[in-house]
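Q: I am new to this structure and would like to go through it step by step. Could we look at it together?

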Amino acid sequence: MRIALDGFGSDKAPEPEVAGAIAAVESNKDLEIIITGDETVLKDVIQKNNYRGSRIKIVNAPERITMHDSPSAVVRNKKNSSMRVAYELVKNKEADAIISAGNSGASLAIAMFVFKRIKGIDRPAIATIMPAVGGYTVLIDAGANVDVKPYHLAEFAIMGSEYASFMKGIKNPKIGILSNGEESFKGNDLTREAYGIIKNTDLNFYGYVEGREIFNGKVDVVVCDGFTGNVILKASETLAETIFSLLREEINKSFMAKLGFFMARKSLKKFKKFVDHNEYGGAPLLGVNGAAFIAHGGASAKALTSAILVAKHFVEKGINVNISYKIEANAKNIGY
């Protein structure tokens with residue numbers, strides 16, 4: 001299995017990418033990583049990390065995409081960027097999946113241009129993992145599509161169902177549409193029309209869910225537009241960080257609090273690990289003809305290692321093929 005890794009995507013690139021790649025290959029003997037980017041810089045960082053193996057290769061890509069670059073301009077003008085070259089490696093079957101912690105809008109644009117869409121998918125979407133009671137919930141779309149139509153939400157539901165089945169190991173994930181109430185008359189024109197479409201598919205459709213259902217484990221997949229999903233994602237990440245910051249302040253206020261922390265430290269460490277987005281790595285861009293994962297700009301080496309391993313299993317399980325079959329089976333119900 002070969003994974004293409006955009007070596008100059010993250011905020012602190014290329015150090016997290018290199019360290020993450022090294023940890024991944026050291027834990028998986030059948031894994032190879034191709035890092036794209038400035039060859040001279042990458043060689044230097046790999047050497048500083050004391051890696052002497054042969055399963056990390058470099059493909060030179062002199063250009064870098066910044067967070068300020070326009071996605072459409074990137075597709076036209078930065079064909080030698082580390083991100084574009086990594087996508088081309090997958091297209092040319094020199095790699096099986098691509099991971100980038102760079103500009104997510106650029107990643108979406110390049111994926112659409114290089115990979116194209118799966119037949120029957122009009123809008124690819126980002127699926128992300130949200131910690132929940134009893135495990136986790138798949139939230140889709142987490143930022144790829146700000147404006148959507150009802151049938152797009154139906155596409156997201158199908159793609160999210162397949163991804164949840166893969167991640168959670170269940171056959172028939174429960175799907176919910178995010179709304180302002182569980183009653184079928186709630187929501188807006190978008191969600192009400194999407195409700196009727198999804199209800200007629202072969203999915204395990206629960207109906208409307210409120211924001212709390214993302215975290216209480218009532219459903220396996222929560223479907224929404226990308227604007228709402230991205231706000232939820234970023235607010236949730238900040239909330240987790242704020243909780244631990246406030247907890248740290250309280251613990252440092254007294255000896256008894258410190259003693260309590262000492263007694264509960266194992267449980268607290270498990271909890272921190274459970275809500276840490278670094279544990280879940282990257283989020284797949286579902287709906288394109290290739291395995292593409294988008295990681296957080298501030299991704300750590302640990303997060304990128306996790307993303308690499310999830311991408312490996314994603315390819316092995318043939319998730320895109322399953323999505324294609326499911327879309328075809330429900331084409332008439334969606335309205336194609």
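Q: How far apart do the C-alpha centres of domain 1 and domain 2 lie?
A: In this predicted model, those two C-alpha centres are 25 Å apart.

Q: And which residues belong to each domain?
A: The domain assignment gives 1–121 + 287–318 + 329–335 as domain 1 and 128–279 as domain 2.

Q: How many residues are in contact between them?
A: On the side of domain 1 there are 18 residues, in contact with 17 residues of domain 2.

Q: What about the largest nonpolar core, how many residues has it?
A: That core has 64 residues, and Ile33, Ile56, Ile99, Ile140 and Tyr163 have the most contacts inside it. Helix H6 (residues 150–168) gives the most to this core, namely 9 residues.

Q: Which residues does Ile140 touch?
A: Leaving aside residues up to four places away in sequence, Ile140 touches several, including Ala125, Phe156, Met159, Val222 and Leu286.

Q: New topic: at what angle do H4 and H5 pack?
A: Helix H4 (residues 82–91) and helix H5 (residues 104–114) pack at about 35°, and their axes are 10 Å apart. The crossing of H4 past H5 is right-handed.

Q: Which residues make that contact?
A: Among them are Met83, Tyr87 and Lys91 of H4, together with Ile110 and Phe113 of H5. By class, the contact has 7 nonpolar, 1 polar and 3 charged residues.

Technical notes
Residues numbered from 1 in each chain as written. Predicted model: local features only at pLDDT ≥ 70, side-chain atom pairs only at ≥ 80, totals over all residues. Heavy atoms only, no water. Core = buried A, V, L, I, M, F, W, Y, C linked by side-chain atoms within 4.5 Å. Buried < 20%, exposed > 50% of the residue type's maximum accessible area, 1.4 Å probe, protein only. Helix = DSSP H or I, 4+ residues; strand = E, 2+ residues; numbered from the N terminus. Contact = heavy atoms within 4.5 Å. Axes fitted to C-alpha atoms, helices over the stretch in contact; angles between N-to-C directions. Left-handed = near helix turned anticlockwise from the far one by under 90°. Nonpolar A, V, L, I, M, F, W, Y, C, P; charged D, E, K, R; others polar. Domains from an automatic or database assignment.
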